[in-house]
Every structure is written in structure tokens, then in C-alpha cells.
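Biologist: Could you walk me through this one, starting with the charged side chains?
Modeller: Of course, here it is.

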Amino acid sequence: MLHTFFFSPSDTTRKYAKVMAEAFGEESHLIDLTHGPCEVEYDLVPGDTVLMLAPVYAGRIPPMAADLFRQIDGHGMKAIVAVVYGNRDYDDALLELADIAAEDGFEVVAAGAFIAQHCIFPKVANGRPDASDMAIAIDFIKRAKGSGKMDISTINGNRPYKKPGAIPLRPQTDENECRSCGVCARECPIGAIDPVSLATDKDKCITCCRCIAVCGTHARKFKGIMYVTAGKIFCAQNSKPRKPELFF
């Protein structure tokens, strides 16, 4: 059996999780860790395989996701790890996730870095994952199923990991389009949106874009001259399509 644990505020990592779980070819369970801090209580049976997927934020695994993955006890079972990033770079994130799995007691057998549309600057890698990405993801999981323990040191990345960079941009609410349904506040993984005023706590917000993904009226968005300027620079620097990188 395959147990797929994923953290996916903007839903792109979820797409990979579903496709990989289906391609594994056995009974599988999808465990969504997106909805905030919780106790990860899940019974794993010897012989099962775990798949861990996470997005990349500024070259690292989101701290909340990392904490949740650390709660899973591996008991020597196989683990496949994958990260999803917005076409800039995954830096140390994939190595970090593999290290977490190994520290949990798993035997890491495969690791992969995949591309998706950037959640802050959606013009970058727009439309990804595409059919080609998914075909590579399917091939990856099928190959990983029969793989033995890998040498984690072969995964691209560095130790110590890079210091997480600060992301100064925060989603805002367009009051002309907001219908005050509160779904953004309810869905925010870390409770950074006030449920009454719908204002964003800039100190709490991790710019995961969950509020943008779930807003039915598109009232949650990035605005301002800083965003426009940063977007032009980011798009110019990261427009060349990147390919998935796989390690066995």
C-alpha cells in the first residue's frame, strides 16, 4: 500500500500527489497536511511505502510542512520524496525532505524535483504541470516502486541548508470583489487572516497563496507597485522552462 502525505496550499503539489498515487498501481491513501498544525496519527504496516510531497518556498521546505513530516514514524519502510517548485530553483529543499524522511526512520529509495506554475508570479511556468510533466511523474513513481535504498548525498543541495529568504509580498483583499464569505480565513494553514476583517497578519503570513486558490470571487490577490516591479524582474530571470530532476 502507498501512503501519500502532501502539503499543497495552492493545489499544484496535490495534482502531482494524485497522479503519482494512481500510477503506483496498488491501494493508496492520500493524506492532506495542508490544513494547519495537527497531530499526524497514521498506522503504517510493514511493507507499505510512503510518498512525501511538498512545495518549495525560497529554496526550502515550508517550516510547518517540515514539522508535520517529522511526525511520521518510518520503522525502516521505503519512502519516496518529491518537491514541487515554480521554475526558479529547488535549492536545498529536496535534500532537506530526504533528510527528514531518513531521520523519521525511512529508507529513502527515490527523490524528484518537479515544476509547477509559480503561485506568486503565475506567468512563470504557466500551465504547468503539463502532460509531459505528468508523464515524467508517472515514470518516476513506477521506477521508484522497484528501487532500493539510495545514497541521499547524490541529491542536489547543500548542508547546512540555505537560510530561508524573506518574502515581502503578501496577498491582499480587494474589497470591491470580496463577498465576506470567510473561506480565505478558514482555509489559511496558519491562521494569518482575521475571520472578521479579513485583514492579513503580515508577520504570520508565509505567502503560501492558499487564500488566493480558494477565493471564489478572486478577491484575494497581490497588488501594488512592489509586486508589479518584482514580477517583471522575476519573470525575466526565470522564464526558461526547467525540467524535472530525478534521483534513485
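**Salt bridges and a strand**

Modeller: Searching the whole structure gives 15 salt bridges, a salt bridge being a side-chain nitrogen of Lys or Arg within 4 Å of a carboxyl oxygen of Asp or Glu. This is a predicted model, where local features need pLDDT of at least 70 and side-chain atom pairs count only at pLDDT 80 or more, while totals for chains, interfaces and linings use all residues. Residues are numbered from 1 along each chain as its sequence is written, and side-chain values use heavy atoms, with hydrogens and water left out.

Biologist: Which side chain meets arginine 210 in a salt bridge?

Modeller: That is aspartate 11, at 3.3 Å from N to O. Arginine 210 lies in helix 6 and aspartate 11 in the loop between strand 1 and helix 1, so the pair ties together parts that are 199 residues apart in sequence; helices (H or I, at least four residues) and strands (E, at least two) are DSSP runs, numbered from the N terminus.

Biologist: And is arginine 210 buried or exposed?

Modeller: Arginine 210 is buried, at 6% relative accessibility, where buried means under 20% relative accessible area, exposed over 50% and partly exposed in between (1.4 Å probe, protein chains only).

Biologist: New topic: how does strand 5 pair with strand 4?

Modeller: The two pair in the parallel sense over eight bridges, and strands count as paired if DSSP finds at least two bridges between them. Strand 5 also pairs with strand 8, in the antiparallel sense over three bridges.

Biologist: How many residues of strand 5 are buried?

Modeller: Eight of its nine residues are buried.
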